[in-house]
Amino acid sequence: MRRASKRLLGYLWAVVFIMAGWWISSLAVGSPALPEPVSAIKTFGAQAAVIAPQFAISAWRVCVAMLIGAGLAAPLGLVSGRSSRVDAVLAPIMYLLYPVPKIVLLPVLLVLFGLGGAPKVALIALTVFFQVLMTMRDAGKAVPQTAVVSVRSLGGSGWDVFRHVVLPATLPSLFTSLRISTGTSIAVLFFAESIAGTTGLGWYIMNAWGMLNYAAMFAGIIAMAILGIIFYEAFNAVEYATSAWRRAGDSATQR
């Protein structure tokens, strides 16, 4: 409860700070393209029934894409990090493909899957896959060998090593990569929905922009920010629930 209260207070302070900066910027610019925050918030409330379906569509696309991308990348990255033979094969491929911006593949995905949600999910999944893959590979390599030897010396099996050493040591890195991927996924989602398609928050924002309805445009931006926060906090909550050993260490440090 105390942790939740602290985070809520932090968000309240952040909202006040952002709104103040937004209001000052709006006054300084003096353009309809940057409406005052009160106007955007009122439009957000008035357009809630219109925004909600687009919000749900975008949330579903990001959720499915992150499940696919991270679900495939996390185990593969750990295998690569723990096995020098596998890494010798995969590392050159990762080094060549990781720097390539996955967004350039959108035209190809549109040709293959059409204009629906599939190419958007595939594009986000590809982006998340490589981010999580590289992070988990490095996390697997960083597992202390002394801890592995200790479990082995006590008669532990390979599963015991994975369960009691590798998994606890790499979980924080997994959730860090997922939180980083959240921002990237929302950005890719906006680009994909605004370029191709007639659904989702990205389409809603660009449609409002095309009609010069800037208050509605910023209402869509607020909705997309909320979407990112929901995913970010969801990963925080899951990490908190699955990393009891880390919570104990943090409590001991605070004392």
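Biologist: How many helices and strands does the protein have?

Modeller: The protein has 11 helices and 0 strands, counted as DSSP runs (H or I of at least four residues for helices, E of at least two for strands) and numbered from the N terminus. This is a predicted model, in which local features need pLDDT of at least 70, side-chain atom pairs count only at pLDDT 80 or more, and totals for chains, interfaces and linings use all residues. Residues are numbered from 1 along each chain as its sequence is written, and side-chain values use heavy atoms, with hydrogens and water left out.

Biologist: What does the C-alpha trace span along its principal axes?

Modeller: The trace spans about 70 × 55 × 30 Å.

Biologist: Turning to packing, at what angle do H3 and H10 pack?

Modeller: Helix H3 (residues 48-82) and helix H10 (residues 214-242) pack at about 35°, with axes 11 Å apart. Axes are lines fitted to C-alpha atoms, for helices over the stretch in contact, and angles run from 0 to 180 degrees between N-to-C directions.

Biologist: Which residues make that contact?

Modeller: Among them are Phe55, Val62 and Met66 of H3, and Ile226, Phe231 and Phe235 of H10; contact means heavy atoms within 4.5 Å.

Biologist: And where do H8 and H9 meet?

Modeller: Phe190, Glu193 and Ser194 in H8 meet Leu201, Gly202, Trp203, Ile205 and Met206 in H9. The axes of H8 (residues 158-195) and H9 (residues 201-210) come within 7 Å and cross at roughly 60°.
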